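Please keep the sequence and the model in view while reading.

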Amino acid sequence: MGGPLAGLWDSLFGAFELAFMARALGVMLVLAVVAGVVGVLVNLRGLEFISDGLTHAVFPGLAIGLAVGGTSGLLPGAAVAALAGALILTWLARSGVASDAAIAIVLTATFSVGVIVVSRSDDYAGELEALLFGRVLTIPPAEVVPLVAVSVLALLGVGLTLKQQLFRAFDARGSRASGDSGLALDLVLNCAVALVVVAAASTVGTLLVLALLIVPGAVARLATDRLWLLFPVAAAFAAVGAWLGLAAGYGASVGGGVDLPAGATIVAVFVIGYALALVIAWAAGRTATVRTR
């Protein structure tokens, strides 16, 4: 095997013989699967804007964690900020405050705090770029287990309440009448989103994390109208997209001499995949209607 085929094979498979590429792929596969599953519920509930608010709420936690503890402080700082943001957004949404206004207030306030904190550092530009756009290829080995643990915790929270979450997504009144606590379910889902944001923000960055939560679920809605197929379809799309994104970035950098940011490349693959799914769904005359069976 030689020529272009050899280069393609090396990008798709040989690249991951390198330790840093294998580590990036392992983290991204776990994160992609969890984000895909959680993202389906975000899509069904129409919580994309809340997810955006939580993404920005994590930024000051990342900035403070980096300022206090260096790279090892990123994860705990982001976790505290994300969970606090989830609690605040849930409370504001249920207190009668218009949800869009509440999210916009949290978004702008927290993001500005994060920028102020980062601006006090000596390497302002470098640290701001890392927080915004991630560092998926330079994840320290010591951070792999905590990142995976955060992702699994988010998946566990959603998994234990999945039937109730789906009931609330399709029939909120019926869910309340059956005895389900809307507050508890909202907190669980928002905290799951927050945990995904925590793990993803330190890999692909805060500005790109939303694609991990939104695009796979949107693709699944286009690909199938069977409710229980949404989750494996979203998870599979996210995992394949993460793999192809990393491979494309490696191939462009090594084979073409073009330095592509890994996180942005992964997101670009996600968007291209969504565009293809949209065209196929349009050609087939599909809609985003979901059947519960």
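What is the percentage of helix over residues 49-68, and how many Å apart are the end C-alpha atoms? The chain there is 100% helix and 0% strand, with the end C-alpha atoms 30 Å apart. Residues 230-250 likewise give 100% helix, 0% strand and an end-to-end C-alpha separation of 30 Å. Helices (H or I, at least four residues) and strands (E, at least two) are DSSP runs numbered from the N terminus. The model is predicted: local features need pLDDT of at least 70, side-chain atom pairs count only at pLDDT 80 or more, and totals for chains, interfaces and linings use all residues. Residues are numbered from 1 along each chain as its sequence is written, and side-chain values use heavy atoms, with hydrogens and water left out.

Leu137 lies in the loop between helix H6 (124-133) and helix H7 (144-160). Leu137 counts as partly exposed because its relative accessibility is 31%, the class between buried (under 20%) and exposed (over 50%), with a 1.4 Å probe and protein chains only.

Leu137 is also among the residues nearest the centre of the largest pocket, together with Asp259, Leu260, Pro261 and Ala262. The lining comprises 21 residues, and H12 supplies the largest share, six residues.

Conventions. On a 1 Å grid over the protein atoms alone, a cavity is a set of points where a 1.4 Å probe fits but cannot get out, and a pocket is an open set with protein on both sides within 12 Å along at least five of seven lines; lining residues have an atom within 4 Å of a point.
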